[in-house]
Amino acid sequence: MRSDAAELTAAQQTERAAKPEPGRTAQRTEAAQKIEAARPAGRTELPEVVRAYFERIESGAQRAGKDQLALAAMVRRCFETEDLRVDEKQLAAYLKQAKYFPYKDLFPWQKMLIALWLCTYDENGLPRWKTLLCMVSRGAGKDGFIAVSAWCEVSPYNPVPRYNVDICAMNEEQAITPVQDIVDALENPKNVGKLSKHFYHTKELVQGRRNKGIIKGRTNNPKGRDGMRSGMVVFNEVHAYENYNNIKVFVTGQGKTAQPRVGIFTSNGEINDGPLDDYLARGRRILHEGEPDNGFLPFICCLESEKQVHDPENWVMANPSLPFLPHLMQETADEYRDWLEHPEQNGDFLTKRMGIRKTFQEIAVTDYDKIKATNRPVPDLSGWSCTVGIDYAMLSDWASVVLHFRRGNDRLDIQHSWICAESKTLPLVKAPWQHWVDMGLCTYVQGPQIGPKLIAEYIEEAASRYHVVKLAADYYRWPLLAEAMGKIGFDVRDKVRVKLVRPPDIMMVDPLIQQCFDNCWFSWGNDPVLRWATNNTKRVRSSKSKGVDTGNFIYAKIEAKSRKTDPFMALVAAMTVEETLTMSGPVELPPVAAVAF
């Protein structure tokens, strides 16, 4: 059996690690007071380097993707509505540290992140954004930014004592490259005389002489991690992580040092449903769906479609450093031409240079913008005709029902799901399902199974408010439901009221579903459950017939365990029988007889 700690996400692990340990509270409180007293009064306005970068992308002087623009809007709101303070003296000192490195200065996006991640504090003097997600393309300067950030945190300008920085990666090169950059700067003859007073170093580590903080590179070898006292943990190239095993070990080493921070740095990668996908999903929920950030700062740079690749002006959306690196611009242009000629041999170009995971883009049900467009109000539909779709794959996992209405071209849907408390895959689900239960969109079912009676009772209650014309469910799962559905009037022998859905039915309705997304005909209200499930689903081309591609699609899970599709598949089932919806307004409903289960 897995321990509770093993079932926490990286963010939850970080939050737990930050809680005081018995016997240390007074000591850390005193240390925090000293740190706070050492900081001058700050200001609540946006720092100039933050404002300059935001105005640059908001004005169009430098193209930026929707994620960057949403980040600018989010940060502006935080500074307008929260009691934030920027340590301007610390920020000015940190920005000057780049002069000791070969590049001499930071890019505008790097200065912006230094200000927000390392120098912005809440009313309690804690880092406002404790965790930074930074996804930029190859060549943007991730390692350099990591090196400068780590340097700053062990420098005399960080008042937190023994603020250790652990730079973690799946291979040794990625872990030690930023450390080597710092060592090279310290060994530069131009810097030795001045910096030797402030830093001690070997080839493997760097230590600040005043605050005693140590910078080390660490790989995925678990030995020697016990007893770690990390102030900052940096994960480099997170796209290579397949699970949270190593991430959990490092973040649980925090909490012993004041002002803990986590940095998640990466380009895009090819591992589906790994930690990077979870971090990106969380970041985009924060940026676009209003989920509270809880100290998570998502800086996501990528193109939004393969079509954008063919305009070089868009490349900066994935690499915000390009305007300042003409040689890298030329190199990217050369790789673009190679990709056009031999795309099969240059697959990394889209992923690493443009931030597009081609395999994922090809299998998604639709663009995420079109999924978000479903968040339109659903009016009171009492008395309206509807079809009912059920997805009930496993008794011990999830189950969903969708009530599907039509008004002209508009499709209006009401969803409800049931979550089994003893589902073996529930700990793997990173989505905020507990919040969805509180919203009334899901029911948490205690026990080992979701009884068919629960679904039948929901549909029976719905039939008292709406005119249920027809019910559709998966052919192979109907035996699990047959008895309960029969008790409320849905007998499989009644072809007028019940349809058992097979793959050809899904192939036939897929073009209609695509049309509804393309024309924004879906209205689901504020239902993050149905949007999440849709985003978890992929279109799979059906088998060839006599060697000829049929061009038909069915649906499947992008990942088998942690990304549920039940609500979307319930919608698909309901749409396979939507031709029965002939009413365009409310009808008089007959009384529903109570059924004893």
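Visitor: What are the ground rules here?

Guide: This is a predicted model, so local features need pLDDT of at least 70 and side-chain atom pairs count only at pLDDT 80 or more, while totals for chains, interfaces and linings use all residues. Numbering starts from 1 along each chain as its sequence is written, and side-chain values use heavy atoms, with hydrogens and water left out.

Visitor: Why is Thr 374 called buried?

Guide: Buried means under 20% relative accessible area, exposed means over 50%, and partly exposed is in between, using a 1.4 Å probe and protein chains only. Thr 374 has a relative accessible area of 2%, so it counts as buried. You'll find it in the loop between α15 (368-372) and β11 (385-391).

Visitor: What does Thr 374 contact, leaving aside its neighbours within four places in sequence?

Guide: Contact means heavy atoms within 4.5 Å. On that basis, Thr 374 is in contact with Phe 517, Phe 522, Ser 523, Trp 524, Gly 525 and Arg 531.

Visitor: Is Glu 237 buried or exposed?

Guide: Buried: its relative accessibility is 12%. Glu 237 sits in the loop between β8 and α10 (245-251), and its phi is near 55 degrees, a positive value in a residue other than glycine.

Visitor: And what makes Asn 294 exposed?

Guide: Its relative accessible area is 60%, so it clears the over 50% mark. Asn 294 lies in the loop between α11 (275-289) and β10. Its phi, near 45 degrees, is a positive value in a residue other than glycine.

Visitor: What makes a set of residues a nonpolar core?

Guide: The members must be buried Ala, Val, Leu, Ile, Met, Phe, Trp, Tyr or Cys, joined through side-chain atoms within 4.5 Å. The largest such core has 100 residues, and Val 75, Phe 235, Phe 299 and Val 309 have the most contacts inside it. Its largest share, nine residues, comes from helix α6 (residues 108-119). A second, separate core has 31 residues, among them Leu 381, Tyr 392, Leu 412 and Ala 456.

Visitor: Which residues does Val 75 touch, not counting those up to four places away in sequence?

Guide: Leu 46, Phe 54, Leu 116, Trp 129 and Leu 297.

Visitor: How do you know that β3 and β10 pair?

Guide: Helices (H or I, at least four residues) and strands (E, at least two) are DSSP runs, numbered from the N terminus. Two strands pair if DSSP finds at least two bridges between them. Strand β3 (residues 131-135) and β10 have five bridges, in the parallel sense, so they qualify as a pair. In β10, Pro 298 is the bridge partner of Leu 133.

Visitor: Why are β5 and β10 called edge strands?

Guide: β5 (199-201) and β10 (296-300) each pair on one side only. They belong to an open sheet of eight strands, with mixed pairing and the order β5-β6-β7-β4-β8-β9-β3-β10.

Visitor: Why is β8 described as largely enclosed?

Guide: Seven of the seven residues of β8 are buried, so the rest of the structure largely encloses this strand. Five bridges join β4 to β8 in parallel, with Val 165 partnered by Met 232 in β8. Strand β9 (residues 261-266) also pairs with β8 in the parallel sense over five bridges, and in β9 the bridge partner of Asn 236 is Phe 265.
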